[in-house]
Amino acid sequence: MLNYSLRRMMAVIPTLFILIVICFFLMRLAPGGPFTSERPLPPAVMKNVLERYGLDEPLYVQLWTYIKNILFHFDFGPSFSQKDRTVNDLIAQGFPVTLTYGFFSAVFVLVLGIPLGVVAALRHNSFWDYVMTGLAIFSQIFPNFVLAPIMVLLFTLSWGLLPGGGWNGGQWPYVIMPAVALGTSYMASVARLTRGSLLETLSAPYIRTARAKGLPERTVLWRHALKPSLLPVISYMGPVFVYMITGSVFIDVFFSTGGIGQNFIDAAYTRDYSVILGLAILYSVLTFALTLMVDLVYAWIDPKVRSGLK
Amino acid sequence: MKIFTYALALTMTTALSSQAIAANVPAGTKLADDQTYTYRMLDESSSVDPQLVEDTDGSGIVRDLFEGLYNQDGNGKSVPGVALGHTVSDDNMTYTFTLRQDAKWSDGNPVTAHDFVYAWKRAVTPELASPYAWYMELMSIKNGAEIIAGEMGPDALGVSASDDHTLVVELSQPLPYFADMVAHATTFPAPKWAIEAHGNEWTRPENIVGNGAFVLTEHVPKERTVRERNAMYWDNENTVLDKVVSLVIGDDAQALTRYRAGELDKTDIPAGQYPTLKEELPNEAIAVPRLCNYYFSYNLASGPEAFQDVRVRKALALALDRNVIVDQVLQGGQFPAYNFTPAATAGFDVPSIDYADMTQAERDAMAMELMAEAGYGKGGEPLAFTYLYNTSEAHQQVAIVASQMWKQKLGVDVTLENQEWKVFLENRGNQNFEMARGAWCGDYNEASTFLDLLVSSSGYNDAKYNNARVDELMASAKSSQAPGPLYTEVEQILADEMPVVPVYHYSANMMLKDNVEGWPVNNVQQKYYSKDMYKVAE
């Protein structure tokens, strides 16, 4: 398993390199640059600014300098639009924010989604099953960009219970709405996945065997049925979790959390090259790390998978 | 040397307690217990470093953290800041500012003329590469342009400290409005010792040293900045607000909801909502003139042949019903524009322009006549062109209405094209358009900040308009002590030749809680100072 993980990690390096090169050239294709403004800079000022940030060099030199700075100094460059900050600063500030509400959102999704799915599966075609299905459909038709404004109208404007946005150092009243708004539709999906998968498992021959052995229903469920039923949930949650912790752009903008997602759009609009690249790299590394983690969790749950990981 | 007749400069001692330079709280006012003022910013500031800041919101923060030679009062007039007054040499080329003795930095060091010298040199050094170096060039400080171009070292800049409290500035040409330009953030002093100790990180709350009425205590990019009262500020006893918080909220509607929920004391009004909000909250919805204009620019260099005909240019300008655009489309208290410079500009009298006084029916009749004479449109050669604007709902609505007016009245076919902001700027700047949206906000409160745009050598002249007389008039206005008549003549030439179509002059729309006093609604540049504000008890 260790070998396998190492091999996977080695594969990340060339992939990242290709990703950097593609992103680097793609963003340069967009017309305008970081210092294109309504008030065009006089040529002498423009020259100084471009020199200061090394943007006057040929593209391949810029690319090499960029990669060199990352490799030797772990320096992802300065931000052009926020001149007091570097990309490292911006990520160090914004990522923990997104990670925090993304984490709580994921907890919310799992803690609520799995039990709902289990209850619906066990009480198949009963009142509780219909409630769960109804709830799932309801959350699906209320994606976060519909749910968030409704929540703010209710919890902030009408009832005055929660602040309508901001982060304020991550105090809990500021975390609740972003986490719930982000997670609700995933929670519904997780509930549906759990329900479907558990129903399937419960009708499997080995469950019948377990019951025939006279094991109590509780043991059948917890020891034998639930674990394999969660495999689809785990593979679903991997990418979703990356998405959650790297920030829903909408949640970051709407709740003004100061999270990393906001930087991504702003950087694209302002052609803040180093911020765009820095975030693209962060997203990719997280995606790699999380998919690897999902695979390892898979192996831990499923012996069949484990023996395949050589 | 002649003494500059600067009203407040002459009464230096009384100026200290003058109502114009601190929160002006009428006797008997009951102040609110909590003097925290919270407002919305659309986006994170570009910087809080005075020499680097570029955006208006960021400049607002910098005005709280630092204080320049002069501040502006509620009407936009310059009032003493660190400088008590100044004198001007007979040739109008040398300005000598007298600085107050009691100004201190937040770390207790005295604010001296050397801090200004350091800051002004810093602003033009190629190493700092401030995009706002152009402002120093605009101020015509001696050798500024040469230093920016790398031809001279920063020490050659025409600014020096003859003693700790006297700052001498030499100009490369006389500039009648020079003294009004020093209320701009780029010219604020900078603490050399703090910058040298902390480098790029000197603006962090833990490192920053300022000389303004507030100090930066918290700064979370894209989320909030918090400024608190600076005990070292020379006029701290007259500052009323204890804490100023700016929250970055990207979404207009969400900002308004949070304003309604009481989380904000001030926010912007989402497009088109001013009339309803004014009705609902008449004391809080505010629309005031803003020093910005909105116009359509013809491409006179490589646009359609028809645009070379002044009759076509005039016909399109005449057929545009600005009242419809302002009253029915935008609905935010904007002002129909028939000339380029906003009427709110200081010292500028709107010249009488013939078509401004006509009724729209008269304008339409004249437009049709001119178009027929030129041989285009209905009954003539078909005229079609593309109008380019940057993607935005409000610009789109204006574009649709204008194109419909031109279609109906003149039979002109306009194709609308919108582009993302930077793509748009790139195309407009390279004359890669036929007609394009233009807008400009004044850098200082004087007509030349607008009219300079139409000088043939201007980098902002997207129309590529070229009129020798306009160039000449604007050049002589630079050194004239009474440039008013020159501006009038320029405006009249523009109305005759119509290189651009003025559409409207902006208004600033905002929601401001009615217990907040001292926000300068009459300052057309919206230069607010938190030290001048206070909250009354409700």
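# A guided tour of a two-chain predicted model

Select chain A to begin: read from the N terminus, its elements run α-α-α-α-α-α-α-α-α-α-α-α-α-α, where helices (H or I, at least four residues) and strands (E, at least two) are DSSP runs, numbered from the N terminus. Counted up, chain A has 14 helices and 0 strands. This is a predicted model, in which local features need a pLDDT of at least 70 and side-chain atom pairs count only at pLDDT 80 or more, while totals for chains, interfaces and linings use all residues. Residues are numbered from 1 along each chain as its sequence is written, and chains are lettered from A and ligands numbered from 1 in the order in which they are written.

**Stop 1: chain A as a whole**

Of the 310 residues in chain A, 36% are buried, a residue being buried if 20 or more other C-beta atoms lie within 10 Å of its own, exposed if 12 or fewer, and partly exposed in between, with C-beta atoms placed from the backbone.

Next, colour residues 2–73 and 89–309 of chain A separately, since the domain assignment gives these as domain 1 and domain 2; such bounds come from an automatic or database domain assignment. The C-alpha centres of the two domains of chain A lie 33 Å apart. Where they meet, 14 residues of domain 1 of chain A are in contact with 12 residues of domain 2 of chain A, contact meaning that the C-beta atoms of two residues, placed from the backbone, lie within 7 Å. The domain 1 side of this meeting place in chain A has 10 nonpolar, 3 polar and 1 charged residues; here Ala, Val, Leu, Ile, Met, Phe, Trp, Tyr, Cys and Pro count as nonpolar, Asp, Glu, Lys and Arg as charged, and the others, Gly among them, as polar.

**Stop 2: annotated stretches of chain A**

Select residues 99–122, 134–162, 174–193, 233–255 and 275–301 of chain A, which an unreviewed UniProt entry annotates as "transmembrane region"; UniProt positions are given in the numbering used here, feature names are shortened, and annotations may be inferred rather than shown by experiment. Residues 134–162 of chain A are 79% helix and 0% strand, with end C-alpha atoms 27 Å apart, and residues 174–193 of chain A are 100% helix and 0% strand, with end C-alpha atoms 30 Å apart.

Then move to helix H9 (residues 217–229) of chain A: which of its residues are buried? They are Leu221(A), Ala225(A) and Ser229(A). An α-helix has 3.6 residues a turn, so residues three or four places apart point the same way. Among the elements that cover the buried residues of H9(A) are helix H7 (172–202) and helix H8 (205–212) of chain A.

**Stop 3: where the chains touch**

Show both chains and select their contact, which takes 42 residues from chain A and 40 residues from chain B. Several helices of chain A each supply at least two residues to its side, including H4 (87–122) and H6 (144–158), and the largest share, 6 residues, comes from H2(A). By class, the chain A side has 16 nonpolar, 18 polar and 8 charged residues. For the complex, the predictor gives an ipTM of 0.88 and a pTM of 0.89.

Now select helix H8 (residues 252–260) of chain B, whose buried residues include Gln254(B), Leu256(B) and Tyr259(B). Their cover includes H6 and H11 of chain A together with strands S1 (36–41), S11 (266–268) and S17 (500–512) of chain B. Just after H8(B), Gly262(B) takes a positive phi of about 85°.

**Stop 4: inside chain B**

Select Val62(B), Leu65(B), Trp120(B), Ala133(B) and Met136(B), which touch the most other members of the largest nonpolar core, a group of 97 residues; a nonpolar core is a set of buried Ala, Val, Leu, Ile, Met, Phe, Trp, Tyr and Cys residues joined through C-beta atoms within 7 Å. The largest share of this core, 8 residues, comes from H4(B). A second, separate core of 70 residues includes Tyr295(B), Leu320(B), Val412(B) and Met435(B).

**Stop 5: confidence in chain B**

Over residues 1–20 of chain B the pLDDT is below 50. Where pLDDT is low, the predicted coordinates should not be read in detail.

Methods: pLDDT is the predictor's confidence in each residue, from 0 to 100.
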